[in-house]
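Subject: Structure handover

Hi,

Here is the structure we talked about. Please load it before you read on; my notes follow.

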Amino acid sequence: MKFFVDTADLREIEEAASWGVCAGVTTNPTLYQRIGGKLADFHNHVKRICEIVDGPVSAESVALDRDGIVREGEELASLHRNVVVKIPTITEGLAATKILSEQGIAVNMTLCFTAPQALLAARAGARYISPFVGRFDDISEDGIEHLSNTVNCLANYDFGHEVEVIAASIRSANHVLQAALMGADIATVPFKVLEQLMKHPLTDRGLESFLADWEKVRNA
Ligand code: G3P
């Protein structure tokens with residue numbers, strides 16, 4: 001499974017990239033708003049992310065009609081060869097995905113919650129599909145089970161082009177573990193969760209005792 005970082009924060013993206021684990025970046029309007037992003041800076045911000053990470057960088061269209069989504073998608077795609085246009089899983093989004101994918105523009109269909117939505121997204125030409133996990137947990141449903149349905153359904157078919165599942169709305173190390181066990185292609189992970197993935201009390205305890213014993217060797 002590949003790791004994307006789910007943030008618009010350039011410092012977090014730089015740090016994750018420096019660890020050698022960041023194969024791509026996903027952003028959305030909320031993540032951009034959270035860093036105090038301004039509308040006028042958005043395109044430059046996307047370009048800066050593309051300069052940090054040499055991999056797919058998802059930038060979201062906010063139009064709701066197919067022509068508007070296509071127009072925004074073409075603009076976003078023209079910013080950098082690695083830009084992936086993020087489009088919501090709605091019928092107008094499907095139509096826009098068909099048009100953009102026929103132009104060779106990669107689309108990430110987001111806000112995907114069911115396997116049938118994912119199957120339609122793949123048929124329409126989506127290169128990436130982002131089933132959301134945590135938001136199901138928020139409403140007391142099992143987000144991992146929904147993700148698993150999507151991964152399994154997509155694996156049954158050949159769509160005539162590469163389709164990768166991005167497990168999104170990831171909130172915990174367990175979400176990452178479950179996504180990897182079921183073979184999700186990618187997990188897009190908030191920076192905080194990426195940090196948590198590397199933490200284990202036995203690692204800390206082991207390191208502490210190795211260093212203490214090395215101190216004894218030094219002083220012997
Ligand atoms: O990339 C979008 C997705 O990961 C959002 O996650 O935590 O807002 O449900 P969340």
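In which strand does glutamate 164 lie? Glutamate 164 is part of strand 7, which covers residues 164–167. Before going further: this is a predicted model, and every value below is computed from it.

**Glutamate 164**

Is glutamate 164 buried or exposed? Its relative accessible area is 6%. The cut-off for buried is under 20%, so glutamate 164 counts as buried. What does its side chain make a polar contact with? The partner is the side chain of lysine 2, at 2.9 Å.

**Isoleucine 186**

Next, strand 8. This strand runs over residues 186–189, and isoleucine 186 belongs to it. Isoleucine 186 has a relative accessible area of 0%, so it is buried as well. I also checked its spacing to alanine 173. In sequence, isoleucine 186 and alanine 173 are 13 residues apart. In space, their C-alpha atoms are 14 Å apart.

**The ligand**

- Serine 169: a polar side-chain atom lies 2.7 Å from a ligand oxygen.
- Arginine 171: a polar side-chain atom is 2.9 Å from an oxygen of the ligand.
- Lysine 86: an N or O atom of the side chain is 3.1 Å from a ligand oxygen.

How much of the ligand's accessible area does the protein cover? On its own, the ligand has 310 Å² of accessible area, and the protein covers 85% of that.

**The chain as a whole**

For the overview, the protein chain has 220 residues, and 45% of them count as buried. Its secondary structure comes to 11 helices and eight strands. Along the principal axes, the C-alpha atoms fill a box of roughly 75 × 40 × 30 Å.

**To recap**

Glutamate 164 is buried and makes a polar contact with lysine 2 through its side chain. Isoleucine 186 is buried in turn.

Best wishes

Terms used: Residues numbered from 1 in each chain as written. Predicted model: local features only at pLDDT ≥ 70, side-chain atom pairs only at ≥ 80, totals over all residues. Heavy atoms only, no water. Polar contact = N/O pair within 3.5 Å; in protein donor to acceptor, adjacent residues only side chain to side chain. Areas by Shrake-Rupley, 256 points an atom, 1.4 Å probe, with all protein chains shown as cover. Helix = DSSP H or I, 4+ residues; strand = E, 2+ residues; numbered from the N terminus. Buried < 20%, exposed > 50% of the residue type's maximum accessible area, 1.4 Å probe, protein only.
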